[in-house]
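Visitor: I would like to learn how to read some features of a structure. Please start with the terms.

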Amino acid sequence: MSGSGNGTHDEAGLRASLEEAAETLRRLPAGLRRPRLTSWPEVVRDSAGLLAPSSDRRVRPAAPTPGAIDRMDRTLLWLLACDDEARRLVWARACRVPWRRLEDLDGRSHVTLRKIVARGHGQILRHLGAS
């Protein structure tokens, strides 16, 4: 894949690139996803609070690397090669939404949904082969 640097365009590599893009997007700091009211950093008032685990706070994964963000940007553009129906399902699967959940949300069988995802992957692979 052009994002992974090996130059091959196959379905397994495509799925891996899409899943990496979804994971990278999930790992972006919250400040990049929503506007902040102030640019001042949060003040640490007690050093013990830095060391003690807090049960009310979720631990965020490490921020993605600049390279991962660049690959995510390129990969997200690939989705534009899909028709609207396929794009939605291809991205849902990249985000690891289970087939059963997609069936509940969409109202169609997983067999039909798998065909649509395969169609979307084909559209992306054809686009990548043409570029």
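Guide: Begin with accessibility: buried means under 20% relative accessible area, exposed over 50%, and partly exposed in between, with a 1.4 Å probe and protein chains only. Cysteine 95, at 38% relative accessibility, counts as partly exposed. Cysteine 82 counts as buried, at 4% relative accessibility. This is a predicted model, in which local features need pLDDT of at least 70 and side-chain atom pairs count only at pLDDT 80 or more, while totals for chains, interfaces and linings use all residues. Residues are numbered from 1 along each chain as its sequence is written, and side-chain values use heavy atoms, with hydrogens and water left out.

Visitor: How many disulfides does the rule give?

Guide: A disulfide is a covalent bond between the sulfur atoms of two cysteines. The rule asks for a pair of cysteine sulfur atoms within 2.5 Å. Here the count comes to zero disulfides.

Visitor: How should I read a helix, and which residues of α1 are buried?

Guide: Helices are DSSP runs (H or I, at least four residues), numbered from the N terminus. The expected span of a helix is 1.5 Å times one less than its number of residues. Helix α1 covers residues 11-27, 17 residues in total, and reaches 24 Å from its first C-alpha to its last, close to the 24 Å expected. Its buried residues are Gly13, Leu14, Ser17, Leu18, Ala21, Ala22 and Thr24. These buried residues pack against α4 (66-78), α5 (84-94) and α7 (110-130), where contact means heavy atoms within 4.5 Å.

Visitor: Which residues does threonine 75 touch?

Guide: Threonine 75 is in helix α4 and is buried, with a relative accessible area of 2%. Not counting residues up to four places away in sequence, threonine 75 touches Ser17, Leu18 and Ala21.

Visitor: What does the side chain of threonine 75 reach?

Guide: A polar contact is a pair of N or O atoms within 3.5 Å; within protein, one must be able to donate a hydrogen and the other to accept it, and residues adjacent in sequence count only if both atoms are side-chain atoms. The side chain of threonine 75 reaches the backbone oxygen of arginine 71 at 2.8 Å. Another case is arginine 27 in helix α1, whose side chain reaches the backbone oxygen of alanine 62 at 2.8 Å. Arginine 27 is partly exposed, at 22% relative accessibility. From C-alpha to C-alpha, arginine 27 and proline 61 are 6.1 Å apart, although 34 residues separate them in sequence.

Visitor: How many salt bridges does the structure hold?

Guide: Side chains of opposite charge can pair when their charged atoms come close. The rule requires a side-chain nitrogen of Lys or Arg within 4 Å of a carboxyl oxygen of Asp or Glu. The structure holds 12 salt bridges. One of them joins arginine 15 to glutamate 11, with the closest N and O atoms 3.6 Å apart.

Visitor: Where do arginine 15 and glutamate 11 lie?

Guide: An α-helix has 3.6 residues a turn, so residues three or four places apart point the same way. Arginine 15 and glutamate 11 both lie in helix α1, four residues apart, about one turn of the helix. In helix α6, arginine 100 and aspartate 104 are likewise four residues apart, about one helical turn, and their side chains meet in a salt bridge (3.5 Å, N to O).

Visitor: Which helices hold arginine 88 and aspartate 106?

Guide: Their side chains meet in a salt bridge at 2.9 Å, N to O. Arginine 88 lies in helix α5 and aspartate 106 in helix α6 (residues 99-106), so the pair ties together parts that are 18 residues apart in sequence. Both belong to a network of salt bridges that links Asp83, Glu85, Arg88, Asp106, Arg108 and Arg119.

Technical notes:
Helix = DSSP H or I, 4+ residues; strand = E, 2+ residues; numbered from the N terminus.
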